[in-house]
Structure formats: structure tokens, C-alpha cells
Amino acid sequence: TWHLKKIPQIVRERTFSLDSPKFEAKTKLELNSVCGIECQRKLPVPSLSDLKNLLSYETVFENGTRTLTEVSVHGAVLDPAGNTTTRGPSRRKRQIYGTDSRFSIYDKKFMTNFPFNTAVKISTGCSGILVSPKHVLTAAHCLHNGKDYVKGSKRLRVGLMKTKSRGNGRKRKGAKRKTSDGVPSFQWTRVKSTHIPKGWFKGVSGDIALDYDYAVLELKRPHKRKYMELGISPAIKMMPGSMIHFSGFDNDRSGQLVYRFCSISDESNDLFYQYCDAEPGSTGSGIYLRLKEPNKKKWKRKIIAVYSGHQWVDINGEQQDYNVAVRITPLKYAQICFWIHGNDENCTLG
């Protein structure tokens, strides 16, 4: 079952205007980092003053203006155990591990209904997931490379799935009616504003900080689709079969929605390491679980992580790779919920 947890409080302190970004960075769907699983295990637990810095955030608006909001954190429980993990099997070197276990969703009934309808395409080449009537959760690196915003993020758009329906009008006598069931097209919506945690920026962490590879986009117009709620990421042992699910728009299957499920092999306080088959393009997808609601027999899906993608890591001079997801911890739940609602009144329990 989903267990309710008390959520720390993120309080807005001050907001400053910043210079407009250059929007000149290249989109990079595969990241290089120096901190792998062993390195994550040794990371110190951030102090409250660290958290204030890491969870302060930038907001970029559609007209190119930018602000920095400083926050304070109340009620955070700092885990003295640090980034402990459960060791999993060693990584094999490929993005598709053994038999490709991804499923392309062709049936338009599935594609345009929950939970698959919550998957969206980001105009910079990533995926995302609907988390409110007008908010999308995705990966920070789809929009920012740690130093500057990527090209195309100034006029950022989000594609919501719809199925193509051709040939509904008149047709010539004897002409065959063309159909393209199962091929999604997109209803594109402009993005009004983008929130990225300061912990993602290289100036703060000194290196790409995978723990903070998440961002929230506010759409210019609300949609009328069913979205997926946020949940707090449980430990691997609390998941049914340690199984996670996510859908996105992998580059090697153009024009298709690709679904997959797999088990998690390792975890740190902030990251999941898993063997899900994925290709660039699915980065930023919302990873979700199915658990039962307390005191009810119904199953409930909730987003518990953001797929950060395929990472290359330098370990003792050797390049090693793995797939990683950023867990929604109580602190990240508080921040994302605050971005969605604009206050913390709706974010006391998660």
C-alpha cells in the first residue's frame, strides 16, 4: 500500500530578477558524469544550509526573463545513514540489455487513455509526464546543461498525444480511405514558465548533479486529460517485485509511444539504478508504481521518479554505463508540489 508521509515545508523567502539566459547550450540526451553508484554511496548528507541552496530555484518565462527564488526548508529529516544502497548485479554495457523488452503502444484506445495518455513529448527531444491540469514533470538536462539553457527552450512546447484520424471528410469516388491508427500525432502547447532546482547548476555542485535532474513546466493553457499524481518513492523492498513502469518517445521508434517495465537493481537516497531498456528520447519520462490505496482494494498509480537516462561514468579511468532515475523524496515532493500549487497548503502529506 501507499504510506502517507509528513512532508517538509519549502518556504519562499526572496525572489530576484536575473539576466536573460543565452539559450545557446546544445541538447545532450546522454550525460557524462564522474559520480557513479560507488561515488553516490559516499556522498555526505546535505546540511540544512546546503538544502536551502540546492532547493532554491530558477524560473524562466516564455518571454525569456528569468528569476531566482531563495527558499528555506522546515521539518526536513536528514538521514544520518547517508546514501546507503543495496548492491545489485554488475552492469552489462548497452542501453538495450539482452532481449529488447520495450512495447510499442499501437492501439489508440490505450494510447489516448490513462495511464499512457499522461506521457508527453518535449520540443527539445525528451519526454515528460502530466502531473496537474497544466504542469509537466521532466528532466532538467532536457532544458539546461548545467551552465546555460538549451537551444529551443526559449520557445519551449509540449506535445500532448492525439491519434491521427485521416479521411473523415469527403473522398473521391473509388479512392481508398487512408488511416493511420496507432500513430500518435501531437497537439502542441506553449510553455508559460519553467522551474529548475539550483542543485542542478554546475556552479553550485561543481559537476552535473544527477540528484537534481528534474524540472517542472507550466503550460500556457490547461489540458482536460487525466494526469498522474505524485508519490513518494518507497525503498526497493517495499515495491511489488521491485517493478517500475514508464512510457516515453524513444528516438529509435519514431512516432511511437514506447512502454516498458523492469526491476530496480540498486538505489541510493536520491537515485534508482535499473535495467529498463530505453533509448534517448525517453529521458524525462515519469516512472510510476502501482500500489494499493490505504483501506481500499483499489490500485493507484503514482509517479515516484523521473527517468534521467543513460549515463556514462568514469570509474578508475574506465567508462561504465547504467540507466538512472531521480527518486521523488519527501523534499523533492515538497518542492514539486510547491511549484504546482504555488503554496504548501496542499503539500503537507504525500
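Is lysine 192 buried, partly exposed or exposed, and what is its relative accessible area?

A: This is a predicted model. Lysine 192 has a relative accessible area of 39% and is partly exposed, because that class lies between the limits of 20% for buried and 50% for exposed. The side chain of lysine 192 meets that of glutamate 218 in a salt bridge, with 3.9 Å from N to O. Lysine 192 belongs to strand β10 (residues 184-197) and glutamate 218 to strand β11, so the pair ties together parts that are 26 residues apart in sequence. Glutamate 218, at 13% relative accessibility, counts as buried. Through shared partners, salt bridges join Lys134, Lys192 and Glu218 into one network.

Another salt bridge is formed by glutamate 62 and lysine 220, whose closest N and O atoms are 3.4 Å apart. Here the two residues are 158 apart and link distant parts of the chain: glutamate 62 sits in the loop between β3 (57-61) and β4 (66-74), and lysine 220 in the loop between β11 (215-219) and β12 (229-230). Glutamate 62 is partly exposed at 26% relative accessibility, and lysine 220 is partly exposed at 44%.

Arginine 66 and glutamate 58 also pair by their side chains, with an N to O distance of 3.3 Å in the salt bridge; both residues are buried. In total, the count is nine salt bridges.

Elsewhere, Lys154, Arg155, Arg157 and Arg190 form a positive surface patch. Of these, lysine 154 lies in the loop between β8 (135-138) and β9 (157-163) and is partly exposed, at 34% relative accessible area.

Key. Residues are numbered from 1 along each chain as its sequence is written. This is a predicted model: local features need pLDDT of at least 70, side-chain atom pairs count only at pLDDT 80 or more; totals for chains, interfaces and linings use all residues. Side-chain values use heavy atoms; hydrogens and water are left out. Patches are made of residues with over 30% relative accessible area and no salt bridge: like charges are joined within 9 Å, nonpolar side chains (Val, Leu, Ile, Met, Phe, Trp, Tyr) within 5 Å. Accessible areas come from the Shrake-Rupley method with a 1.4 Å probe; for residues, only the protein chains shown count as cover. A salt bridge is a side-chain nitrogen of Lys or Arg within 4 Å of a carboxyl oxygen of Asp or Glu. Lys and Arg count as positive and Asp and Glu as negative; His and the chain ends are not counted. The place of a charge is taken as NZ of Lys, CZ of Arg, CG of Asp or CD of Glu. Helices (H or I, at least four residues) and strands (E, at least two) are DSSP runs, numbered from the N terminus. Buried means under 20% relative accessible area, exposed over 50%, partly exposed in between (1.4 Å probe, protein chains only).
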